[in-house]
Amino acid sequence: MATCYIIGAGEFTPRGLAPQPGDLVIAADGGYRHLAAQGIRPHILLGDFDSLGEPPALAGVELIRHPVRKDDTDTGLALSVGWQRGYRDFALYGCGGGRIDHLLANFQSMGRYAGMGAQVRLIDPVYTAYGVSGRLVLPTAKPGTLVSVFCHGQAAKGVTLRGLSYPLEDAELSCDWPLGVSNAYEAAQPVVEVRDGVLLVLVGCEDA
(Lines give C-alpha, C1' and ligand atoms only; values in the text may rest on other atoms or scores of the structure.)
Protein backbone atom coordinates (compact mmCIF):
# COMPACT_ATOMS: atom_id res chain seq x y z
CA MET A 1 0.00 0.00 0.00
CA ALA A 2 1.38 3.42 -0.96
CA THR A 3 1.99 5.81 1.93
CA CYS A 4 1.26 9.50 2.31
CA TYR A 5 4.03 11.06 4.40
CA ILE A 6 3.09 14.30 6.14
CA ILE A 7 5.89 16.29 7.75
CA GLY A 8 5.03 19.04 10.22
CA ALA A 9 7.20 21.58 12.01
CA GLY A 10 7.17 19.92 15.45
CA GLU A 11 9.72 17.67 17.15
CA PHE A 12 11.20 15.44 14.47
CA THR A 13 12.90 12.10 14.00
CA PRO A 14 13.72 10.53 10.63
CA ARG A 15 12.99 7.04 12.01
CA GLY A 16 11.44 5.02 9.19
CA LEU A 17 11.18 8.00 6.83
CA ALA A 18 11.96 6.39 3.48
CA PRO A 19 9.52 7.39 0.73
CA GLN A 20 9.28 4.98 -2.20
CA PRO A 21 7.98 5.45 -5.76
CA GLY A 22 4.21 5.88 -5.59
CA ASP A 23 4.28 7.45 -2.13
CA LEU A 24 3.19 11.05 -1.57
CA VAL A 25 5.29 13.45 0.52
CA ILE A 26 3.57 16.56 1.88
CA ALA A 27 5.49 19.27 3.73
CA ALA A 28 3.07 21.02 6.09
CA ASP A 29 4.39 24.58 6.45
CA GLY A 30 7.62 24.58 8.51
CA GLY A 31 7.93 20.83 8.12
CA TYR A 32 9.70 21.66 4.85
CA ARG A 33 12.82 22.46 6.87
CA HIS A 34 12.92 18.92 8.29
CA LEU A 35 12.66 17.46 4.79
CA ALA A 36 15.33 19.81 3.43
CA ALA A 37 17.69 18.71 6.21
CA GLN A 38 17.14 15.09 5.15
CA GLY A 39 17.62 15.87 1.47
CA ILE A 40 14.04 14.84 0.66
CA ARG A 41 12.01 16.85 -1.83
CA PRO A 42 8.26 17.03 -1.16
CA HIS A 43 5.62 16.57 -3.81
CA ILE A 44 3.39 19.17 -2.12
CA LEU A 45 4.20 22.18 0.06
CA LEU A 46 1.07 23.18 1.97
CA GLY A 47 0.02 25.57 4.71
CA ASP A 48 -0.57 29.13 5.79
CA PHE A 49 3.22 29.59 6.10
CA ASP A 50 3.11 31.34 9.43
CA SER A 51 6.12 29.28 10.56
CA LEU A 52 8.06 28.79 7.32
CA GLY A 53 7.55 32.28 5.95
CA GLU A 54 7.31 32.85 2.22
CA PRO A 55 7.66 29.37 0.70
CA PRO A 56 10.50 28.72 -1.74
CA ALA A 57 9.71 28.35 -5.41
CA LEU A 58 10.54 24.72 -6.15
CA ALA A 59 10.25 23.30 -9.65
CA GLY A 60 7.90 20.34 -9.75
CA VAL A 61 6.58 20.92 -6.20
CA GLU A 62 2.87 21.73 -5.93
CA LEU A 63 2.15 24.72 -3.69
CA ILE A 64 -1.15 24.82 -1.78
CA ARG A 65 -1.55 28.05 0.17
CA HIS A 66 -4.17 28.51 2.90
CA PRO A 67 -5.15 31.61 4.88
CA VAL A 68 -4.03 31.89 8.50
CA ARG A 69 -7.68 32.13 9.60
CA LYS A 70 -9.07 28.67 8.77
CA ASP A 71 -11.02 25.83 10.35
CA ASP A 72 -8.31 23.15 10.34
CA THR A 73 -4.64 22.71 11.13
CA ASP A 74 -2.00 22.39 8.43
CA THR A 75 -1.67 18.71 9.39
CA GLY A 76 -5.42 18.21 9.07
CA LEU A 77 -5.41 19.90 5.68
CA ALA A 78 -2.55 17.67 4.54
CA LEU A 79 -4.45 14.56 5.66
CA SER A 80 -7.45 15.76 3.66
CA VAL A 81 -5.32 16.21 0.53
CA GLY A 82 -3.80 12.75 0.88
CA TRP A 83 -7.23 11.16 1.45
CA GLN A 84 -8.76 12.96 -1.53
CA ARG A 85 -5.92 11.69 -3.73
CA GLY A 86 -6.62 8.11 -2.78
CA TYR A 87 -4.09 7.41 -0.02
CA ARG A 88 -5.20 5.28 2.91
CA ASP A 89 -1.88 4.79 4.71
CA PHE A 90 -0.52 7.86 6.50
CA ALA A 91 2.73 8.49 8.38
CA LEU A 92 2.96 11.76 10.31
CA TYR A 93 6.36 13.24 11.19
CA GLY A 94 7.11 16.45 13.08
CA CYS A 95 3.58 16.33 14.48
CA GLY A 96 4.30 15.57 18.16
CA GLY A 97 5.84 17.53 21.01
CA GLY A 98 5.81 21.32 21.23
CA ARG A 99 2.37 22.85 21.66
CA ILE A 100 0.04 20.48 23.50
CA ASP A 101 -3.01 21.88 21.68
CA HIS A 102 -1.52 20.97 18.30
CA LEU A 103 -0.61 17.50 19.57
CA LEU A 104 -4.19 16.92 20.76
CA ALA A 105 -5.48 18.24 17.43
CA ASN A 106 -3.24 15.76 15.61
CA PHE A 107 -4.48 12.89 17.80
CA GLN A 108 -8.07 13.91 17.02
CA SER A 109 -7.31 14.00 13.30
CA MET A 110 -5.68 10.56 13.54
CA GLY A 111 -8.76 9.19 15.26
CA ARG A 112 -11.03 10.66 12.60
CA TYR A 113 -9.14 9.10 9.69
CA ALA A 114 -8.71 5.77 11.47
CA GLY A 115 -12.48 5.72 11.91
CA MET A 116 -12.81 6.29 8.16
CA GLY A 117 -10.71 3.20 7.49
CA ALA A 118 -7.22 4.65 7.12
CA GLN A 119 -4.03 3.30 8.64
CA VAL A 120 -2.44 6.25 10.40
CA ARG A 121 0.55 6.63 12.69
CA LEU A 122 2.51 9.49 14.22
CA ILE A 123 6.26 9.01 14.56
CA ASP A 124 7.70 11.05 17.45
CA PRO A 125 11.28 10.94 18.80
CA VAL A 126 10.16 9.02 21.91
CA TYR A 127 7.07 7.06 20.79
CA THR A 128 4.95 6.02 17.85
CA ALA A 129 1.19 6.58 18.04
CA TYR A 130 -1.37 4.63 16.02
CA GLY A 131 -5.00 5.28 15.23
CA VAL A 132 -6.73 1.89 15.37
CA SER A 133 -10.11 0.81 14.06
CA GLY A 134 -10.15 -2.96 13.82
CA ARG A 135 -6.93 -4.91 14.41
CA LEU A 136 -3.31 -3.81 14.80
CA VAL A 137 -0.27 -6.05 15.23
CA LEU A 138 2.24 -3.92 17.11
CA PRO A 139 5.81 -3.67 15.81
CA THR A 140 8.39 -6.08 17.19
CA ALA A 141 9.96 -4.81 20.42
CA LYS A 142 11.60 -6.20 23.53
CA PRO A 143 9.63 -7.20 26.65
CA GLY A 144 8.81 -4.26 28.87
CA THR A 145 8.35 -1.78 26.02
CA LEU A 146 5.73 0.75 27.12
CA VAL A 147 2.27 0.63 25.51
CA SER A 148 -0.72 2.83 26.34
CA VAL A 149 -4.16 2.35 24.82
CA PHE A 150 -6.76 5.12 24.90
CA CYS A 151 -10.31 5.45 23.67
CA HIS A 152 -10.91 8.04 20.95
CA GLY A 153 -14.53 9.16 21.26
CA GLN A 154 -17.11 8.28 23.88
CA ALA A 155 -16.55 4.52 23.98
CA ALA A 156 -14.52 1.79 22.33
CA LYS A 157 -16.20 -1.62 22.59
CA GLY A 158 -14.87 -5.12 22.12
CA VAL A 159 -11.32 -4.13 23.04
CA THR A 160 -8.90 -7.05 23.18
CA LEU A 161 -5.22 -6.79 24.13
CA ARG A 162 -2.99 -9.84 23.74
CA GLY A 163 0.71 -10.20 24.43
CA LEU A 164 0.75 -7.38 26.97
CA SER A 165 1.32 -7.42 30.72
CA TYR A 166 -2.31 -6.40 31.34
CA PRO A 167 -4.44 -8.26 28.79
CA LEU A 168 -8.06 -7.46 28.00
CA GLU A 169 -10.76 -9.55 26.32
CA ASP A 170 -13.86 -7.97 24.79
CA ALA A 171 -13.61 -4.99 27.16
CA GLU A 172 -14.94 -1.46 26.88
CA LEU A 173 -12.76 1.64 27.18
CA SER A 174 -14.18 5.11 27.74
CA CYS A 175 -12.83 8.60 27.15
CA ASP A 176 -12.92 9.49 30.87
CA TRP A 177 -11.16 6.50 32.49
CA PRO A 178 -7.56 5.74 31.35
CA LEU A 179 -7.70 2.00 31.99
CA GLY A 180 -5.25 1.28 29.17
CA VAL A 181 -2.39 3.53 30.30
CA SER A 182 1.11 2.14 31.11
CA ASN A 183 0.85 -1.38 29.78
CA ALA A 184 3.91 -3.23 28.47
CA TYR A 185 5.07 -5.84 25.97
CA GLU A 186 5.26 -9.48 27.04
CA ALA A 187 5.19 -11.02 23.54
CA ALA A 188 7.38 -9.78 20.69
CA GLN A 189 4.37 -8.60 18.66
CA PRO A 190 1.29 -7.88 20.78
CA VAL A 191 -2.11 -7.50 19.16
CA VAL A 192 -4.67 -4.73 19.74
CA GLU A 193 -8.24 -5.13 18.50
CA VAL A 194 -11.40 -3.06 18.77
CA ARG A 195 -14.81 -4.17 17.49
CA ASP A 196 -16.64 -0.84 17.67
CA GLY A 197 -14.93 2.53 17.94
CA VAL A 198 -11.42 3.91 17.61
CA LEU A 199 -8.33 3.57 19.78
CA LEU A 200 -5.17 5.63 20.07
CA VAL A 201 -2.20 3.38 20.87
CA LEU A 202 1.16 4.79 21.96
CA VAL A 203 4.27 2.60 21.84
CA GLY A 204 7.49 3.81 23.43
CA CYS A 205 10.81 3.67 21.61
CA GLU A 206 13.36 1.26 23.01
CA ASP A 207 16.19 3.80 22.74
CA ALA A 208 14.23 6.81 24.05
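Start with the salt bridges: this predicted model holds six of them. Let's visit a few, then move on to a pair of helices.

**Stop 1: Arg121 and Asp89**

Select Arg121 and Asp89 and show their side chains. They meet in a salt bridge, with N to O at 3.0 Å. Now colour the strands: Arg121 sits in strand 6 (residues 119-123) and Asp89 in strand 5 (residues 89-93), so this pair ties together parts that are 32 residues apart in sequence. Is Asp89 buried or exposed? Asp89 counts as buried because its relative accessibility is 6%, and the cut-off for buried is under 20%. Arg121, at 22% relative accessibility, counts as partly exposed.

**Stop 2: Glu193 and Arg162**

Next, select Glu193 and Arg162. Their side chains also form a salt bridge, again 3.0 Å from N to O. This one links distant parts of the chain: Glu193 belongs to strand 12 (residues 191-193) and Arg162 to strand 9 (residues 146-162), 31 residues apart. Glu193 is partly exposed, with a relative accessible area of 24%. Arg162 is partly exposed too, with 40%.

**Stop 3: Arg195 and Asp170**

Hop over to Arg195. Which residue is its salt-bridge partner? Select Asp170: the closest N and O atoms of the two are 2.7 Å apart.

**Stop 4: helix 2 and helix 3**

Hide the side chains and switch to cartoon view. Select helix 2 (residues 74-84) and helix 3 (residues 100-115): their axes come within 10 Å and cross at roughly 20°. That angle makes helix 2 roughly parallel to helix 3, because angles under 35 degrees count that way. The crossing of the two helices is right-handed.

Now bring the side chains back for the contact. From helix 2, pick Thr75, Gly76, Leu79, Ser80 and Trp83; from helix 3, pick Asn106, Ser109 and Tyr113. What kinds of residues make up this contact between helix 2 and helix 3? Colour by residue type and you'll find three nonpolar, five polar and no charged.

Notes. Residues are numbered from 1 along each chain as its sequence is written. This is a predicted model: local features need pLDDT of at least 70, side-chain atom pairs count only at pLDDT 80 or more; totals for chains, interfaces and linings use all residues. Side-chain values use heavy atoms; hydrogens and water are left out. A salt bridge is a side-chain nitrogen of Lys or Arg within 4 Å of a carboxyl oxygen of Asp or Glu. Helices (H or I, at least four residues) and strands (E, at least two) are DSSP runs, numbered from the N terminus. Buried means under 20% relative accessible area, exposed over 50%, partly exposed in between (1.4 Å probe, protein chains only). Axes are lines fitted to C-alpha atoms, for helices over the stretch in contact, and angles run from 0 to 180 degrees between N-to-C directions. Angles under 35 degrees count as roughly parallel, over 145 as roughly antiparallel, 65 to 115 as roughly perpendicular and the rest as oblique. A crossing is left-handed if the near helix is turned anticlockwise from the far one by less than a right angle, and right-handed if clockwise. Contact means heavy atoms within 4.5 Å. Ala, Val, Leu, Ile, Met, Phe, Trp, Tyr, Cys and Pro count as nonpolar, Asp, Glu, Lys and Arg as charged, and the others, Gly among them, as polar.
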